[in-house]
Amino acid sequence: MVYVPKILAFAGSTRKESFNKKLVKIAADAARAAGAQVTYFDLRDLPMPLYDGDLETEQGLPENARKLKSMLQANDGFLISAPEYNSSISGVLKNAIDWASRPVPNEAPLACFSGKVTTLMSASPGALGGLRGLIIVRSLLSNIGAIVLPGQVAVAKAHEAFDPEGKLKDPKQSASIEALGRDLAGFLAALKGR
């Protein structure tokens with residue numbers, strides 16, 4: 001039986017016209033073309049309250065946090081495009097990670113992150129393309145057990161980088177994002193397809 005890598009792709013943004021949503025879709029298409037089964041989802045479709053330990057104690061995990069955990073657990077790897085907010089991680093991405101990290105009965109700690117192979121990218125109107133935020137996302141995911149691949153791309157001046165169809169105008173930038181998707185699919189195939 002041939003192993004097919006299962007990858008979850010999403011952006012740490014809820015904005016409808018998010019540059020990071022456009023970016024991660026390019027990587028997702030390349031991972032699909034490389035033979036992976038890729039599921040894209042939008043955090044906008046899974047609204048969650050701000051993480052609150054009292055709320056968790058009183059009501060358990062919100063339904064959308066359980067849905068997110070289930071999606072994360074069902075996949076071998078993640079493509080994440082992480083916007084930079086004030087030189088850091090976006091609130092919606094941090095909140096999603098915080099809720100998903102919470103254990104449920106009979107579950108190993110950090111089960112939906114531990115050993116998951118992750119590739120990061122970002123797009124920002126700024127000159128660094130979100131690079132400062134990626135440092136924090138990389139550190140956070142590594143600390144909760146994800147395997148974060150070293151390759152990443154930060155697209156600067158994102159407000160000028162995309163065409164009306166959501167594709168990158170610069171062929172070199174597009175090729176580098178496509179390579180991220182292909183590399184994640186290839187890494188998972190080599191790691192798990194033995």
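Arg-132 counts as partly exposed, with a relative accessibility of 40%; on this scale buried means under 20% relative accessible area, exposed means over 50%, and partly exposed lies in between (1.4 Å probe, protein chains only). The model is predicted, so local features need pLDDT of at least 70 and side-chain atom pairs count only at pLDDT 80 or more, while totals for chains, interfaces and linings use all residues. Residues are numbered from 1 along each chain as its sequence is written, and side-chain values use heavy atoms, with hydrogens and water left out.

## Charged pairs

What does Arg-132 pair with? Its partner is Glu-84, and the closest N and O atoms of this salt bridge are 2.7 Å apart. A salt bridge here is a side-chain nitrogen of Lys or Arg within 4 Å of a carboxyl oxygen of Asp or Glu. Glu-84 lies in strand 4 (residues 84-85) and Arg-132 in helix 5 (residues 131-143), so the pair ties together parts that are 48 residues apart in sequence. Helices (H or I, at least four residues) and strands (E, at least two) are DSSP runs, numbered from the N terminus. Glu-84 counts as buried, at 15% relative accessibility.

By this rule the count comes to nine salt bridges. Side chains of opposite charge can pair when their charged atoms come close.

| Salt bridge | N to O distance |
|---|---|
| Glu-84 and Arg-132 | 2.7 Å |
| Lys-94 and Asp-98 | 2.8 Å |
| Lys-22 and Glu-17 | 3.8 Å |

Lys-94 and Asp-98 are four residues apart in helix 4 (residues 91-100), a separation of about one helical turn. Lys-94 is partly exposed, with a relative accessible area of 32%, and Asp-98 is partly exposed too, at 21%. Elsewhere, a network of salt bridges links Asp-29, Arg-32 and Lys-167.

Five of them make up an open sheet in the order 2-1-3-6-7, with parallel pairing. Two strands count as paired if DSSP finds at least two bridges between them. Which strands sit at the edges? They are strand 2 (37-40) and strand 7 (147-155), each of which pairs on one side only. From one strand to the next, the twist averages 15 degrees; axes are lines fitted to C-alpha atoms, for helices over the stretch in contact, and angles run from 0 to 180 degrees between N-to-C directions.

Strand 1 (residues 6-11) pairs with strand 2 in the parallel sense over four bridges. Within this pairing, Ile-7 stands opposite Val-38 in strand 2. Strands of a sheet pair through backbone hydrogen bonds, either parallel or antiparallel.

## An enclosed space and an open one

Two kinds of space are told apart on a 1 Å grid over the protein atoms alone: a cavity is a set of points where a 1.4 Å probe fits but cannot get out, and a pocket is an open set with protein on both sides within 12 Å along at least five of seven lines; lining residues have an atom within 4 Å of a point. Grid points are joined across faces, edges and corners, and a volume is the space filled by probe spheres set on the points.

The structure holds one cavity of 30 Å³ or more, and the largest cavity has a volume of about 60 Å³. Of its 13 lining residues, the closest to the centre are Phe-10, Leu-68, Leu-72, Ile-97 and Phe-113. Helix 3 (63-73), strand 3 (77-81) and helix 4 each supply at least two lining residues, and the largest share, four residues, comes from helix 4. What is the make-up of this lining by class? It has 13 nonpolar residues, no polar and no charged. Ala, Val, Leu, Ile, Met, Phe, Trp, Tyr, Cys and Pro count as nonpolar, Asp, Glu, Lys and Arg as charged, and the others, Gly among them, as polar.

The largest pocket holds about 170 Å³ of space. Its lining has two nonpolar, two polar and eight charged residues. Among the lining residues are Glu-17, Lys-22, Tyr-40 and Lys-167. Helix 1 (residues 19-33) gives the most to this lining, with four residues.

## Two loop residues

Ser-87 has a positive phi of about 70 degrees although it is not a glycine. Ser-87 lies in the loop between strand 4 and strand 5 (88-89) and is partly exposed, at 33% relative accessibility. Asn-106, also a residue other than glycine, has a positive phi near 65 degrees. Asn-106 lies in the loop between helix 4 and strand 6 (117-123), and is exposed, with a relative accessible area of 86%.
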